[in-house]
Amino acid sequence: MRIRAFKKNDREGVIALWEECGLVRPQNNPSADIDRKLLANPELFLLGESNKEIVASVMGGYDGHRGWINYLAVKPSQQRSGNGLKIVHAVEELIKAKGCPKINLQVRTNNQSVIDFYRSAGYVTDDVVSFGKRLVLD
């Protein structure tokens, strides 16, 4: 798998990957999420490509205080191949290079396989409560 930055003509392939991985939710318009990402740290939006097919994605972010990982996806047929760790490590290095001391991320509590994945990647559960407030309805 080759890792590279997102390009505008990748949109349909990325959304198809997210749909295949079950990441798209009714309250999140994936195309609008991509548009917003391209306005903030677009260089942290990485894709994994194999045989000219998008097989992985990750959106990284850094706000000057904490880094964030969102939309980590690996094509189901490529899961457990090491590609998830490879793209996570790539975005971690880019975020770290910006001076970021810590990365946060959120996983739905019922997604045990992803929780296990992040634990295997060195992430730990923080003793916090995650809050959210919708400001834009997509």
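**Terms and their grounds**

Author: In helix α2 (residues 30-37), the buried residues are Pro-30, Ala-32, Asp-33, Ile-34 and Lys-37. The model is a predicted one, in which local features need pLDDT of at least 70 and side-chain atom pairs count only at pLDDT 80 or more, while totals for chains, interfaces and linings use all residues. Residues are numbered from 1 along each chain as its sequence is written, and side-chain values use heavy atoms, with hydrogens and water left out.

Reader: What covers the buried residues of α2?

Author: The cover includes α1 (11-20), β2, β3 and β4. Such labels denote DSSP runs (H or I, at least four residues, for helices; E, at least two, for strands), numbered from the N terminus.

Reader: What makes Glu-49 buried?

Author: Buried means under 20% relative accessible area, exposed over 50%, and partly exposed in between (1.4 Å probe, protein chains only). Glu-49 has a value of 17%, so it counts as buried. This residue lies in strand β2.

Reader: With which side chains does the side chain of Glu-49 make a polar contact?

Author: One partner is the side chain of Arg-2, at 2.6 Å, and another is that of Arg-4, at 3.1 Å. A polar contact is a pair of N or O atoms within 3.5 Å; within protein, one must be able to donate a hydrogen and the other to accept it, and residues adjacent in sequence count only if both atoms are side-chain atoms. Both distances are within that limit, so both pairs qualify. Arg-4 also stands opposite Leu-47 in β2.

Reader: How do you know that β3 and β4 pair?

Author: Two strands pair if DSSP finds at least two bridges between them. Strand β3 (residues 53-62) and β4 have six, in the antiparallel sense, so they pair. Ser-57, for example, has Ala-73 in β4 as its bridge partner. The two strands form a hairpin with four residues between them, and Gly-64 in the turn has a positive phi of about 95 degrees.

Reader: Why is strand β4 called largely enclosed?

Author: Six of the eight residues of β4 (residues 67-74) are buried, so the rest of the structure largely encloses this strand.

Reader: What joins β4 to strand β5 (residues 103-105)?

Author: Three bridges do, and these two strands run parallel. Trp-68 stands opposite Asn-104 in β5.

Reader: In what order do the five strands stand in the open sheet, and why do β1 (2-5) and β5 count as edges?

Author: The order is β1-β2-β3-β4-β5, with mixed pairing. β1 and β5 each have a single partner strand, so one side of each lacks a neighbour in the sheet. β1 and strand β2 (residues 45-50) pair in the antiparallel sense over four bridges.

Reader: Which residues touch the most other members of the largest nonpolar core, and what makes a set of residues such a core?

Author: A nonpolar core is a set of buried Ala, Val, Leu, Ile, Met, Phe, Trp, Tyr and Cys residues joined through side-chain atoms within 4.5 Å. The largest has 17 residues, of which Val-58, Ile-69, Leu-72, Ile-87, Val-91, Ile-95 and Tyr-123 touch the most other members. β3, β4 and α3 each supply at least two of its residues, and the largest share, four residues, comes from α3. Apart from this core lies another, of twelve residues, among them Phe-6, Ile-34, Ile-54 and Ala-73.

Note on methods. Contact means heavy atoms within 4.5 Å.
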